[in-house]
Amino acid sequence: MAFDLQDIVPFGRSYREYVDMFALDEADRSCPILDCGGGPAVFNAELTRQGGRVISADPVYAFTAGAIRARIDEVVPEMVVQLRRNREKFRWDRSGSPEELVALRRTAMEAFLADYPAGLREGRYVAASLPGLPFAARRFDLALVSHLLFLYSDHLEEAFHAGALKELAGLAREVRVFPLADLNARRSRHLEPVRRALDKAGNPSEVVQVDYESQKGVNQMLRIVGA
Ligand SMILES: C[S@@+](CC[C@H](N)C(=O)[O-])C[C@H]1O[C@@H](n2cnc3c(N)ncnc32)[C@H](O)[C@@H]1O
C-alpha cells in the first residue's frame, strides 16, 4: 500500500529531547546511529552539524520539502488545539504552554527542512519503512525509535512491534525505544509480549528510567541488546 502523507502527523522533536529521551552520552553520539521513523525531527541535522554519523529512515522522505512543509502547516494549528484540550495529560514545567511547545517543535522542524535537501543528497535521509529497511546487518551501533513504536499501540499490532524490533536488533548493536506508553499515556499492552519475543530471539531488553517526561508519568525507554 502506498504511503499517504495525509496519514501522518509530522511533529518533529528537538535535539535536546532526543538526548534526554534516549539518555545519549558523548560515546553514544560519536557512533553510527540509525534514527528510525525520524520524520521532521532535527536530531539528524544537529548531530551531523556536530560531526556525528546518523542516518534517518522514514517513508516521509519520499516527499519533497515543500510537500512536508505544507503538511506541517496543515497539522500545527490542530496540534495546539489538541494540546490545549489535553493539557492535564502533559507536564509543562519544561515546555511552558501548548503554544510554547508547538513553537519549539516548529523551530526544530524548520531546522530539519533547512537540512533536508543536503541530507537527501548525502544519503542521511532515506525513504524507507519498517518492516524491510534497506540496510546491511550490523551497520549501526545504535538504532533509535522515537514516538512510533508502542505509542501507536492501537494502530500497530503486537506482531508488527515484535518484527520491527527484531529487524532493528539485527541492524544495530543496541536499540532504544521511547516512549513505552500509548497515546493515552498507558503502558503499551504490547510491551511485555514483545519483550518475551525478543528474549526468545536472543535479544534481551531492559526498561530504563530517563530524564524526559512530556506525557505525564511517561519517562522510560526500552534498551534492547542487538547484533
Ligand atoms: C510522530 S512521528 C515522530 C518523528 C520523530 N521520531 C520525533 O520523535 O520527533 C512518527 C514518524 O514515524 C514515521 N513512520 C510511520 N510508519 C513508519 C514505518 N513503518 N517505518 C518507519 N517510520 C514510520 C512517520 O512517517 C513519522 O515521521
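Predicted model: local features only at pLDDT ≥ 70, side-chain atom pairs only at ≥ 80, totals over all residues.
A search of the whole structure finds 12 aromatic pairs. One of them joins tyrosine 15 to phenylalanine 43: the ring centres are 5.8 Å apart and the planes meet at 15°, so the pair is stacked. Planes under 30 degrees apart count as stacked. The pair links distant parts of the chain, because tyrosine 15 lies in helix α1 (residues 15-21) and phenylalanine 43 in helix α3 (residues 43-49), 28 residues apart. Ring pairs also link Tyr15 and Phe43 with Tyr18 and Phe22 into a cluster.

## A tilted pair of tyrosines

Another aromatic pair is formed by tyrosine 61 and tyrosine 116. Their ring centres are 5.9 Å apart, and the angle between the planes is 45°, which makes the pair tilted. A pair of aromatic rings is described by the distance of the centres and the angle of the planes.

Here too, distant parts of the chain are linked. Tyrosine 61 is in the loop between β2 (54-57) and α4 (65-85), tyrosine 116 is in helix α5 (residues 98-121), and 55 residues separate them. Tyrosine 61 is buried, at a relative accessible area of 4%, and tyrosine 116 is buried as well, at 1%.

A disulfide is a covalent bond between the sulfur atoms of two cysteines. The search of the whole structure finds 0 disulfides. For cysteine 31, the closest cysteine sulfur belongs to cysteine 36 and is 16 Å away, so the two are too far apart for a bond. The cut-off for a disulfide is a pair of sulfur atoms within 2.5 Å.

Cysteine 31 counts as buried, with 10% relative accessibility. Cysteine 36 is also buried, with a relative accessible area of 3%.

## The second largest pocket

The second largest pocket holds about 240 Å³ of space. It is lined by 14 residues, and those closest to its centre are Glu17, Arg94, Ser95, Leu104 and Tyr212. The elements that contribute two or more residues to this lining are α1 and α5.

Sorted by class, the lining of the second largest pocket consists of 8 charged, 3 polar and 3 nonpolar residues.

## The loop between β6 and β7

Asparagine 219 is located in the loop between β6 (205-209) and β7 (220-225). Its relative accessibility is 14%, so asparagine 219 counts as buried. The side chain of asparagine 219 makes a polar contact with the side chain of glutamate 213, at 3.1 Å.

Serine 214 is also found in the loop between β6 and β7. At 15% relative accessibility, serine 214 counts as buried. In sequence, serine 214 and aspartate 93 are 121 residues apart, while in space their C-alpha atoms are 9.3 Å apart.

Methods
Residues numbered from 1 in each chain as written. Heavy atoms only, no water. Phe/Tyr/Trp six-rings, centres within 6.5 Å; stacked < 30°, edge-to-face > 60°. Helix = DSSP H or I, 4+ residues; strand = E, 2+ residues; numbered from the N terminus. Buried < 20%, exposed > 50% of the residue type's maximum accessible area, 1.4 Å probe, protein only. 1 Å grid on protein atoms, 1.4 Å probe; cavity = no way out; pocket = protein on both sides within 12 Å on 5 of 7 lines; lining within 4 Å. Points joined across faces, edges and corners; volume = space filled by probe spheres on them. Nonpolar A, V, L, I, M, F, W, Y, C, P; charged D, E, K, R; others polar. Polar contact = N/O pair within 3.5 Å; in protein donor to acceptor, adjacent residues only side chain to side chain.
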